[in-house]
Amino acid sequence: MIIPVRCFSCGKVIGDKWEPFARRVSKGEPPSDVLDDLGLTKYCCRRMLLSHVELIDEILKSQEEKETIEIRGGS
Ligand SMILES: [Zn+2]
């Protein structure tokens, strides 16, 4: 969904690291190097970014389509 602000296990702030992480990994950098650069050395924090799936844009898209159908009077 949306990246949590803090690591679930240790409480370190990780919310601000998702954008640079996703951008650099999509450009082809190895995720392990990017995590090291961002200062995420503990494996509890690293799994927060590695296992995250950004779904909010997909949910918003389907919600907009649903509202459009309701406005048109469909089911
Ligand atoms: Zn952590």
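1. **Model.** This is a predicted model, so local features need pLDDT of at least 70, side-chain atom pairs count only at pLDDT 80 or more, and totals for chains, interfaces and linings use all residues. Residues are numbered from 1 along each chain as its sequence is written.

2. **Fold.** The protein chain has four helices and zero strands. Read from the N terminus, the order is α-α-α-α. Helices (H or I, at least four residues) and strands (E, at least two) are DSSP runs, numbered from the N terminus.

3. **Spread.** The radius of gyration is 17 Å, well over the 11 Å that the globule rule gives for 75 residues, so the protein chain is more spread out than a compact globule. The radius is taken over C-alpha atoms, and the rule is 2.2 Å times the number of residues to the power 0.38. Along the principal axes, the C-alpha atoms fill a box of roughly 55 × 30 × 15 Å.

4. Buried residues make up 11% of the 75 residues. Buried means 20 or more other C-beta atoms within 10 Å of a residue's own; exposed means 12 or fewer; partly exposed lies in between; C-beta atoms are placed from the backbone.

5. **Proline 20.** This residue lies in helix H1 (residues 18-26). Proline 20 counts as exposed because it has 12 C-beta neighbours inside 10 Å.
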